[in-house]
Amino acid sequence: CPLHANMPTSYAFLCARDEASKEYDRLKHEGLLNSDLKPMPYGEHIAIPVKVGELELEFQTVERNNPHDALEEILPNPPKKWERLGDMVIFQQGTNTTNWPLAKVAAALNCNRVAIQNEIDSDITRKSQLELVHGKDGWVVHRENFVDYEFDATQVMFSSGNVTERRRMGELQTKGEIIVDAFCGIGYYTLQFLARGEAEHVHACEINPESIFALKKGLERNGVSEKCTIYPGDNRQTMKGLQGIADRVILGLIPSSMNAWGLAIRCLKKSGGMLHIHMNVHENEIEEWVEKTTEWFATASGKTATAIHVETVKKYSPHIMHVVLDLRID
């Protein structure tokens, strides 16, 4: 199927949203991926750009085994949306599973655990409040973009909506770089830089002990433990010891990472470097925010600040977008 007419055209492989990461990896491995274009929503599916238009049979196979059909045989009015983390399926907040035959639901969806999403804890640790309703524990191994994440989904958050940004970070040219990840979590970007981007070393700051435990497991699973140093605690303190060492700093906190902006400048090498600044911004104010943010960093650093790219990651809430500004400091 062609993508939107007002954009460069490409054939695309359509798949369910919860299968998108796995199918993206497969298509890339098989040399079929059109890497010039990004995956994008297409109705209830994700359209992954491909080089050739001969994937109709594979799409038909996905449709024949549609898990929605299997759920309809088990449940009256089954949910239409869910996400998958490893062998766990997570339904949206508010889903009532009281009278569900959960073992049959798990079998229909080819998973071992079933959970219900809840709001992320609003405190500084951003702890998950996901409720496990079927299965023994919340530990999953979730493979995405050729990287394995290992974590307890009931304890730490993992945003499936950030899949394109994790992929983008892994595809940057970071070989040999020293990187500071100011809000590393379980290694959302740290593992991409090390396992795929071949960064020399990542200095990872994190305040949540559960996330640090998961990060260590992820580093070990991907064979990159020796290339990462973890700094537990509040990064307003830990980043003070990382001055002048970084080629790149990741400020991956929403709704705002402003409290760490000054520290991020000081982490960069004297010659400068790249910042990736995450923020929630009103859709009509993105251009203005980019201009003001660039001016702030130029003033605060005493150097030239250049906006290289603005990435729209996802819609956070009505009219509010999660964006990332790639800013070069020279």
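Helices here are DSSP runs of H or I with at least four residues, and strands are E runs of at least two, numbered from the N terminus. Counted that way, this protein has ten helices and 16 strands. Keep in mind that the model is predicted.

Let's start with the overall picture. Of the 330 residues, 48% count as buried. The accessible surface is about 16200 Å², and 49% of that belongs to carbon and sulfur atoms. Take the contacts between residues at least 6 apart in sequence: 62% of them join residues at least 24 apart.

Now for the inside. In soluble globular proteins, nonpolar side chains tend to be buried together. The largest nonpolar core has 32 residues, with Phe151, Ile186, Phe193 and Leu219 touching the most other members. Elements that each supply at least two residues include β5 (88-91), β9 (147-152) and α6 (190-195), while α7 gives the most, with four.

Seven strands line up as β12-β11-β10-β13-β14-β16-β15, in an open sheet with mixed pairing. β12 and β15 (305-317) are the edge strands, each pairing on one side only. At the β12 end, β11 and β12 pair in the parallel sense over five bridges.

Helix α5 (residues 163-171) lies across β13, β14, β15 and β16, running at about 150° to β15. Helix α10 (residues 286-301) packs on the sheet too, touching β14, β15 and β16, and its direction makes about 35° with that of β16.

Note on methods:
Residues are numbered from 1 along each chain as its sequence is written. This is a predicted model: local features need pLDDT of at least 70, side-chain atom pairs count only at pLDDT 80 or more; totals for chains, interfaces and linings use all residues. Side-chain values use heavy atoms; hydrogens and water are left out. Buried means under 20% relative accessible area, exposed over 50%, partly exposed in between (1.4 Å probe, protein chains only). Contact means heavy atoms within 4.5 Å. Accessible areas come from the Shrake-Rupley method with a 1.4 Å probe; for residues, only the protein chains shown count as cover. A nonpolar core is a set of buried Ala, Val, Leu, Ile, Met, Phe, Trp, Tyr and Cys residues joined through side-chain atoms within 4.5 Å. Two strands pair if DSSP finds at least two bridges between them. Axes are lines fitted to C-alpha atoms, for helices over the stretch in contact, and angles run from 0 to 180 degrees between N-to-C directions.
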